[in-house]
Amino acid sequence: MSIDLLLEGLIFGVFVGCFYAAVSIGLSIAFGLLDVPHIAHASFLVLAAYMTFLLGSYGIDPLLAGLIILIPFFALGAVVYRFYYEAFEKRGTDAGVRGIAFFFGIAFIVQVILSLVFGLDQRSVAASYIGSSLGLGEMRIPWRLIVALLVAVGLVLALNLYLSRTFQGRAMRAVAQDPWALKAIGANPVMTKQWAFGLATAATAIGGALLIIVSPVEPSLDRVYIGRTFCVVVLAGLGSMSGTLIAGIMLGVIESLVLTAFGASWAPAVAFGLLLLVLGLRPQGLFGR
Amino acid sequence: MEAKITVRDLYAGYGAVQVLHGLSMEVRSGETVALLGTNGNGKSTLMKCLIGDVRPTHGSITLEIDGRVVDLTKLRTHEAVELGISIVPEGRRLFPQLSVEENLLLGAYRKAARRNISKNLDFCYGAFPFLKERRRQLSGSMSGGQQQMLALARAIMSSPKILLVDEPSVGLAPIMVSQAISKIRELKDEFGLTVLMAEQNFQEALRIADRGYVLVHGKVAFSADSAVELQDSALISQLYLGG
């Protein structure tokens with residue numbers, strides 16, 4: 001493998017990695033901070049991508065569409081969490097296992113509805129930054145990946161500020177550690193988690209818009225992203241936003257190098273391989289406390 | 001600053017297990033009241049009733065605060081905190097994965113406390129200098145005594161009028177118990193608090209209490225109007241000294 005090819009793989013990996021971080025950040029809140037086994041996260045991503053496609057068919061720019069669906073996705077997240085809370089979490093100890101079944105069911109329903117409404121064909125959106133690229137010496141970086149990088153960095157900065165500077169943000173980081181203690185300082189742990197899950201789902205809406213900006217989508221695309229997003233969140237260490245960005249970049253770079261060296265068919269195995277490796281060697285993740 | 005709690009004929013428990021059997025007591029404005037008694041006699045259950053964490057099956061708890069009269073048996077925990085009741089929970093209940101400073105800032109979650117946040121933070125760092133030195137450290141990595149002080153400071157961050165302290169001495173070395181109890185007194189004087197403290201270590205509790213109640217089997221078995229009276233009580237010697 002030549003140095004040029006390696007370097008190109010590396011740079012490309014960083015951009016793709018930022019994209020992975022952006023699509024994982026919602027899960028980093030839902031699973032990492034709140035301990036909710038949200039395996040429907042990738043389905044919500046694909047759902048948001050299709051909503052972006054739907055708005056795109058009315059001529060709305062996909063990034064703007066991502067912002068428009070923020071609010072309905074916030075509401076969706078709040079409702080889904082509330083149901084999960086009333087039906088499982090409130091009743092206690094084995095919420096984790098039952099919760100996985102619940103979210104698996106949601107993921108399945110989303111996929112079926114998307115297949116019925118939009119069909120099985122790939123869908124994509126059009127925008128000035130999709131299809132064109134920026135020349136960088138010998139390399140050409142697609143604009144859509146530059147957009148992904150900017151959005152990822154923006155999301156991480158905004159969430160970091162929110163989680164460290166606001167009362168609601170600090171309560172979100174505390175709630176899984178000791179819900180009773182949160183009550184004792186005057187916060188409502190259930191409302192805190194509901195709000196946080198809403199925010200996580202809103203962040204996922206932006207991730208979904210990026211998903212269809214970066215590549216065409218199909219209803220079963222969640223299967224590819226469930227591994228990648230969980231890999232990024234676990235690698236980051238649960239609940240660390242900056243860690244999510246760095247872990248996303250690591251996954252992107254490793255995937256890109258494996259792809260360059262061994263061919264495209266190996267790339268999907270990287271996320272699961274890395275996930276198992278992290279769980280085995282450093283279960284608290286790279287930036288976990 | 002008026003802040004008074006009146007408990008009348010309280011019955012409460014957990015499911016089929018009845019813990020409080022007609023308990024009556026009161027905490028008047030500006031007092032430090034000790035709640036004494038050995039394990040399992042209802043001290044913590046009473047505390048939980050006061051903050052709406054356990055619902056009594058019978059009886060009343062009335063809070064008079066700032067000219068308002070509130071039925072505490074109807075409130076949820078965060079609503080009671082919002083009124084100006086702050087609790088230092090048994091076992092401290094810090095957020096172990098958050099830093100010392102983040103724990104303190106969370107203490108000021110209640111709306112009335114947010115405008116005093118920098119003043120209260122400065123006060124806490126003044127009263128507990130080691131907290132300032134360790135402000136970036138994870139609270140779970142401190143010693144038990146330090147965590148107890150942080151729990152006290154966190155409760156103060158909410159600018160309370162009434163401070164409930166549940167078993168501050170549990171798990172602490174004797175020297176730390178003494179320090180923690182003295183700090184409660186200091187904070188009380190500084191902030192003009194009304195304090196109710198449940199404590200098994202009655203010698204330590206008596207150092208700062210104005211008066212106290214001894215609970216036995218979920219009822220007030222003995223009520224003393226002064227620390228001296230508590231000290232001399234035959235019941236105390238019987239319970240604690242086996243005499």
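**Entry 1: where the chains meet.** I looked up the contacts between the two chains and found 19 residues of chain B in contact with 16 residues of chain A. I note here that the model is a predicted one.

Entry 2: Next I traced the strands of chain B. Four of them form an open sheet in the order 2-1-4-5, with antiparallel pairing. I looked for the edges and found strand 2 (17-27) and strand 5 (68-71) of chain B there; each has a single partner strand, so one side of each is left without a neighbour in the sheet. From one strand to the next, the twist averages 20°.

I followed one pairing in detail. Strand 1 (residues 3-14) and strand 2 of chain B run antiparallel and are joined by eight bridges. In strand 2 of chain B, B:Leu20 is the residue that stands opposite B:Ala12.

**Entry 3: helix 1.** I checked burial along helix 1 (residues 43-50) of chain B. Seven of its eight residues are buried, so this helix is largely enclosed by the rest of the structure. I listed the buried ones as B:Lys43, B:Thr45, B:Leu46, B:Met47, B:Lys48, B:Cys49 and B:Leu50. I also looked at the backbone just after helix 1 of chain B, where B:Gly52 takes a positive phi of about 70°.

Key
Residues numbered from 1 in each chain as written. Chains lettered and ligands numbered in written order. Predicted model: local features only at pLDDT ≥ 70, side-chain atom pairs only at ≥ 80, totals over all residues. Buried ≥ 20, exposed ≤ 12 C-beta atoms within 10 Å, placed from the backbone. Helix = DSSP H or I, 4+ residues; strand = E, 2+ residues; numbered from the N terminus. Pairing = 2+ DSSP bridges. Axes fitted to C-alpha atoms, helices over the stretch in contact; angles between N-to-C directions. Contact = placed C-beta atoms within 7 Å.
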